[in-house]
Amino acid sequence: MPGIEPDRVLCESCGYDLRGLSASAACPECGRSVSSSLPTARRGSPWQRRPGLAGWLRTAAAVLGDRRTLWPGVEVELDRSALLFATNIGVASAIPVVSLLLAGGHADFAPFFFLGLAAVFTGLTWTEMTGLRFFGARRGWRTTAEVAGSVCAHASVGWILSGVAVALAWQVHARTDWLVRLAQSGVFGYRVGVLVSLPAMLAAAFLSGLLLFEMLVYSGFRAMRFANRPAPGRDWSGRAVIA
Ligand SMILES: [Zn+2]
């Protein structure tokens, strides 16, 4: 089993301990080039390189689109990842609040709704991180807290789908009042009546984002199973930094 010391450089494909090998060598176990496993190969996602609107949009697009390119570049770190997570959760929680206000909900309620949603997203993500560490250890992977955090922060883009879907469900429900009432009168049968009830629609909407989040997390969990973190005292480019 590979060492799980966070600073030991492992082959990112198979977990082989690369100590003593030169950067131009190949992994004796799987043939992957040593240079592609070096911590300097993880240059950071667009957000990690430069947190901001452009970085956020490009990172979200990569998380939802080209994950094969994204995950090998994600830096193992918690500072900018935490900021990315907060941004995603803020967006995911704000969208339903706007929808609630547009549907004529009480404005007084909005802050509590926002905080409640953010707490649910955060709690579920924290549970996911704990789960990743547990299952990673069982598989012999090096899923440290930093790796789990970096993966979950990037995958938390998926929660925005929950926010958008909940907002839409709310609007649809509010604007098709007559249809909802007709369905609930039992014309189409009892089950249809239950399906179009507001709690059922909101739950289904929320679940769509949960499923997306899980899918994104799993892809990162696998791709970063032996991810190397930057060497202590070095940034992603290998330059010495003052600690
Ligand atoms: Zn290997």
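1. Gly186 does something of the kind behind H8, where its phi is positive and near 95 degrees. Do keep in mind while reading on that this is a predicted model.

2. H4 itself covers residues 79-102.

3. Which residues of H4 are buried? They are Ser81, Leu84, Phe85, Thr87, Asn88, Ile89, Ala92, Ser93, Pro96, Val97 and Leu100. The cover over these buried positions includes H1 (46-49), H2 (53-64), H5 (110-139), H6 and H7 (159-175). As background for reading that list, an α-helix has 3.6 residues a turn, so residues three or four places apart point the same way.

4. H8 is another story. This helix runs over residues 177-184, and the number of its 8 residues that are buried is 0, so H8 lies largely in the open.

5. Stepping back to the overall make-up: the protein has 10 helices and 0 strands, and reading from the N terminus the order is α-α-α-α-α-α-α-α-α-α. The C-alpha atoms fill a box of roughly 75 × 35 × 25 Å along the principal axes. Of the 243 residues, 33% count as buried. If you take the contacts between residues at least 6 apart in sequence, 67% of them join residues at least 24 apart.

6. On the domains: the protein is split into domain 1 (1-42 + 228-243) and domain 2 (51-223). Their C-alpha centres are 33 Å apart. How many residues touch across the boundary? On the domain 1 side there are 10, in contact with 8 residues of domain 2. Sorted by class, the domain 1 side of that contact has 7 nonpolar, 1 polar and 2 charged residues.

7. Now the helix pair H6 and H10. Two packed helices are described by the angle between their axes and the distance between the axes. Here H6 (residues 145-155) and H10 (residues 198-223) have axes that come within 9 Å and cross at roughly 145 degrees. The crossing of H6 past H10 is right-handed. H6 brings Val151, Cys152, His154 and Ala155 to the contact, while H10 brings Phe213, Leu216, Val217, Gly220 and Phe221. By class, that gives 7 nonpolar and 2 polar residues, with no charged ones.

8. Met224 deserves a look, as a residue in the segment after H10. Is Met224 buried or exposed? It counts as buried, because 27 C-beta neighbours fall inside 10 Å, where the cut-off for buried is 20 or more. Setting aside neighbours within four places in sequence, Met224 is in contact with Trp71, Val74, Val147 and Val151. One of these, Val151, also belongs to the H6 side of the contact with H10. Met224 and Ala148 are 76 residues apart in sequence, yet their C-alpha atoms are 8.8 Å apart.

9. What is the C-alpha to C-alpha distance between Gly31 and Cys14? The two are 17 residues apart in sequence and 9.6 Å apart in space.

10. Last, Ala137, which is found in H5. With 13 other C-beta atoms within 10 Å, Ala137 is partly exposed. Ala137 and Val164 are 27 residues apart along the chain, and their C-alpha atoms are separated by 34 Å.

How values were computed: Residues are numbered from 1 along each chain as its sequence is written. This is a predicted model: local features need pLDDT of at least 70, side-chain atom pairs count only at pLDDT 80 or more; totals for chains, interfaces and linings use all residues. Axes are lines fitted to C-alpha atoms, for helices over the stretch in contact, and angles run from 0 to 180 degrees between N-to-C directions. Helices (H or I, at least four residues) and strands (E, at least two) are DSSP runs, numbered from the N terminus. A crossing is left-handed if the near helix is turned anticlockwise from the far one by less than a right angle, and right-handed if clockwise. Two residues are in contact if their C-beta atoms, placed from the backbone, lie within 7 Å. Ala, Val, Leu, Ile, Met, Phe, Trp, Tyr, Cys and Pro count as nonpolar, Asp, Glu, Lys and Arg as charged, and the others, Gly among them, as polar. Domain bounds come from an automatic or database domain assignment. A residue is buried if 20 or more other C-beta atoms lie within 10 Å of its own, exposed if 12 or fewer, and partly exposed in between; C-beta atoms are placed from the backbone. The expected span of a helix is 1.5 Å times one less than its number of residues.
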